[in-house]
Amino acid sequence: KNIEADGKIIGFQVCVRSTYYRGIYLSQLRPATVTVDGEQFKGDQIKWTIGGKTYTEDEMAGIGDVNWALLEPAVITVAKPGGLAQGAHKVQVDFNYSASYMPPAFDDMMASFFAQDESRVLILV
């Protein structure tokens, strides 16, 4: 959905779920990329809302005591002035995480092992 502030549409939100069976601590998450109709958003353009609290990706890197539970959807807010036009959009959210039992050096290997080229169609009304 599109989001607004002060009467202006400032971006949009999508919800995602974790696929990791143990849940993920915020410090385990790696930066996300959101692609909508071929346009990529990342870095400062993305904020995560988990457990009702909103975080930047930089903030999450240092938070090791907040867990994103398996069945809890996370809300990803993307800054995009004007938001998305009404209608169908191809949306893909890519993110990775480190497993608590694997050393950080394995992050890149795990990313390619779990990589999936999945997208969904969002219909904005």
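The model is predicted, so local features need pLDDT of at least 70 and side-chain atom pairs count only at pLDDT 80 or more, while totals for chains, interfaces and linings use all residues. Residues are numbered from 1 along each chain as its sequence is written, and side-chain values use heavy atoms, with hydrogens and water left out.

**The overall fold**

Let's start with the parts list: the protein has two helices and eleven strands. Here helices (H or I, at least four residues) and strands (E, at least two) are DSSP runs, numbered from the N terminus. Going along the sequence, the pattern reads β-β-β-β-β-β-β-α-β-β-β-α-β.

Of the 125 residues, 36% count as buried. Buried means under 20% relative accessible area, exposed means over 50%, and partly exposed is in between (1.4 Å probe, protein chains only). The protein exposes about 7,700 Å², and carbon and sulfur atoms supply 54% of that area. Accessible areas come from the Shrake-Rupley method with a 1.4 Å probe; for residues, only the protein chains shown count as cover.

As for contacts (heavy atoms within 4.5 Å), take those with a separation of 6 or more: residues 24 or more positions apart account for 75% of them.

**A five-strand sheet**

Five strands make an open sheet in the order E1-E2-E9-E6-E7, with antiparallel pairing. Strand E1 (2-5) and strand E7 (53-56) stand at the edges with a single partner strand each, so one side of each has no neighbour in the sheet. On average, neighbouring strands of this sheet are turned by 30° against each other, direction ignored. For that angle, axes are lines fitted to C-alpha atoms, for helices over the stretch in contact, and angles run from 0 to 180 degrees between N-to-C directions.

Two strands pair if DSSP finds at least two bridges between them.

| Strands | Sense and bridges | Example of bridge partners |
|---|---|---|
| E2 and E9 | antiparallel, six bridges | valine 14 and isoleucine 76 |
| E6 and E9 | antiparallel, four bridges | isoleucine 46 and valine 78 |
| E6 and E7 | antiparallel, four bridges | threonine 49 and threonine 54 |

E6 and E7 also form a hairpin with two residues between them, and glycine 51 in the turn has a positive phi of about 65°. Four of the five residues of E6 are buried, so the strand is largely enclosed by the rest of the structure.

**The core**

In soluble globular proteins, nonpolar side chains tend to be buried together. A nonpolar core is a set of buried Ala, Val, Leu, Ile, Met, Phe, Trp, Tyr and Cys residues joined through side-chain atoms within 4.5 Å. The largest one here has 25 residues, and those with the most contacts inside it are Phe12, Leu29, Val34, Trp48, Trp68 and Ile76. Strand E2 (8-16), strand E4 (33-36), E6 and strand E9 (74-79) are the elements that give two or more residues to this core.

What does valine 34 touch, not counting residues up to four places away in sequence? Its list holds Phe12, Glu39, Gln40, Phe41, Ile46, Ile76, Val78, Gln92 and Val93.

Then there's lysine 80, in the loop between E9 and E10. At 19% relative accessibility, lysine 80 counts as buried. Leaving out residues up to four places away in sequence, lysine 80 touches Ile9, Ile10, Gly11, Phe12, Glu39 and Phe41.

**Aromatic pairs**

A search of the whole structure finds six aromatic pairs. Rings of Phe, Tyr and Trp (its six-membered ring) pair if their centres lie within 6.5 Å; planes under 30 degrees apart count as stacked, over 60 as edge-to-face and the rest as tilted.

Tryptophan 48 and tryptophan 68 have ring centres 5.6 Å apart and planes at 70°, so this pair is edge-to-face. Tryptophan 48 lies in strand E6 (residues 46-50) and tryptophan 68 in strand E8 (residues 67-68), so the pair ties together parts that are 20 residues apart in sequence. Tryptophan 48 is buried at a relative accessible area of 0%, and tryptophan 68 is buried at 0%.

Tryptophan 48 also pairs with phenylalanine 95: the centres are 5.5 Å apart and the planes at 90°, so this pair is edge-to-face. Phenylalanine 95 sits in the loop between strand E10 (87-94) and helix H2 (107-114), so its pair with tryptophan 48 of strand E6 ties together parts that are 47 residues apart in sequence. Phenylalanine 95 is partly exposed, with a relative accessible area of 22%. Elsewhere, ring pairs link Tyr20, Tyr21 and Tyr97 into a cluster.
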